[in-house]
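Open the model in your viewer and keep the selection panel to hand. The tour goes from one selection to the next and says what is there.

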Amino acid sequence: MNEVYLCLGGNLGNCLTTFSKVCALIKQEIGKVTEQSSLYQSQAWGMENAPDFLNQVIKVETKISVEALLIILLEIEKKLGRERTETTTYQSRLIDVDILFFNKKIIKTKTLEIPHPRLHLRKFVLEPLNEIAPNFIHPILNKSISELLELCPDTGQVKKLSHAV
C-alpha cells in the first residue's frame, strides 16, 4: 500500500465544498483518505491583490502508481472546474492538488517532482502537514516536517480555521 500526502488549495468559489468534493472523488478513484488536517487560510503566495487561499493536507492510502495518481488528480481538478493555462505565473484557482510525498520516494521526471520541490519554503503547506505528520522525514532534506516548519523562511501569516471538512 502506498502512502501519499496531498495538499489541497484554492481561493475561488466555495473552497469548503470543493475540498469535500475532492476528498469524495479521491476516495472513489484513488484510495482511502486516512488523515485530514484542519483548514488553513493564508494570503495568496506570489500574487498581489488576490483572494486569500484555503489549504488542507490529506494522507491517502492507495494501490495505484504515482503516474496513475498524477493523471487521476489532474482529471479531478478538471472535473471540478480547474482550467490550466500555459502561464508560469501564479494564478487564483478553484482547486489545486499537489503531491507532496509518495511513500518516501524521490522522483524527478519532466512532469513530476516528488517530494514537492518547494514544500519546505511554504508555510501554508508545512502548517497543515505538520498537524498530521510532524515526524515524517523529508527524504531529500533529511529533516522532520516540524523541523522544516521551524526553519521555513516564509513569513506569511497562516491561520488555522477549523477541523477537517
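The stops below cover a helix, salt bridges, a strand, some backbone geometry and a surface patch.

This is a predicted model, in which local features need pLDDT of at least 70 and side-chain atom pairs count only at pLDDT 80 or more, while totals for chains, interfaces and linings use all residues. Residues are numbered from 1 along each chain as its sequence is written, and side-chain values use heavy atoms, with hydrogens and water left out.

**Helix 2**

Select residues 66–79, which make up helix 2. Helices (H or I, at least four residues) and strands (E, at least two) are DSSP runs, numbered from the N terminus. Helix 2 has 14 residues and reaches 20 Å from its first C-alpha to its last, close to the 20 Å expected at 1.5 Å a residue; the expected span is 1.5 Å times one less than the number of residues.

Now colour Val 66, Leu 69, Leu 70, Ile 72, Leu 73, Ile 76 and Glu 77, which are buried residues of helix 2. Buried means under 20% relative accessible area, exposed over 50%, and partly exposed in between (1.4 Å probe, protein chains only). An α-helix has 3.6 residues a turn, so residues three or four places apart point the same way.

What covers these buried residues? The cover includes strand 1 (2–10), helix 1 (15–29), strand 5 (96–102), strand 6 (107–108) and strand 7 (113–114). Contact here means heavy atoms within 4.5 Å. Just after helix 2, select Gly 81, which takes a positive phi of about 105°.

**Salt bridges**

How many salt bridges does a search of the whole structure find? The search finds five, a salt bridge being a side-chain nitrogen of Lys or Arg within 4 Å of a carboxyl oxygen of Asp or Glu.

- Select Lys 79 and Glu 29: their closest N and O atoms are 3.1 Å apart. This pair links distant parts of the chain, with Lys 79 in helix 2 and Glu 29 in helix 1, 50 residues apart. Lys 79 counts as exposed because its relative accessibility is 53%, and Glu 29, at 24%, counts as partly exposed.
- Select Asp 96 and Arg 93, a salt bridge with closest N and O atoms 3.8 Å apart. Asp 96 is buried at 13% relative accessibility, and Arg 93 is buried at 15%.
- Select Lys 108 and Glu 113, where the closest N and O atoms of the salt bridge are 3.8 Å apart. Lys 108 is exposed at 67%, whereas Glu 113 is partly exposed at 34%.
- Select Glu 3, Glu 35 and Lys 59, which are linked in a network of salt bridges.

**Strand 4**

Go to Phe 53, in strand 4. Phe 53 has a relative accessible area of 8%, so it counts as buried.

Is Thr 62 buried or exposed? Thr 62 is buried, because its relative accessibility is 1%. The side chain of Thr 62 reaches the backbone nitrogen of Ile 64 at 3.1 Å. Leaving aside neighbours within four places in sequence, Thr 62 is in contact with Met 1, Asn 2, Val 4 and Ile 30.

**Backbone geometry**

Most residues other than glycine have a negative phi, and most peptide bonds are trans.

Select Ile 114 and Pro 115: the peptide bond between them is cis, with omega near 0°. Pro 115 lies in the loop between strand 7 and helix 3.

Then select Asn 103, in the loop between strand 5 and strand 6. Asn 103 has a positive phi of about 55° although it is not a glycine, and at 22% relative accessibility it counts as partly exposed.

Asn 142 lies in the loop between helix 3 and helix 4. Asn 142 has a positive phi of about 55° and is not a glycine; with a relative accessible area of 57%, Asn 142 is exposed.

**Surface patch**

Finally, show the surface and select Ile 106, Ile 140 and Leu 141, which form a nonpolar patch with about 260 Å² of accessible area together. Patches are made of residues with over 30% relative accessible area and no salt bridge, like charges being joined within 9 Å and nonpolar side chains (Val, Leu, Ile, Met, Phe, Trp, Tyr) within 5 Å. Accessible areas come from the Shrake-Rupley method with a 1.4 Å probe, and for residues only the protein chains shown count as cover. Ile 140 is in the loop between helix 3 (123–132) and helix 4 (145–151), and at 46% relative accessibility Ile 140 is partly exposed.

Conventions
A polar contact is a pair of N or O atoms within 3.5 Å; within protein, one must be able to donate a hydrogen and the other to accept it, and residues adjacent in sequence count only if both atoms are side-chain atoms.
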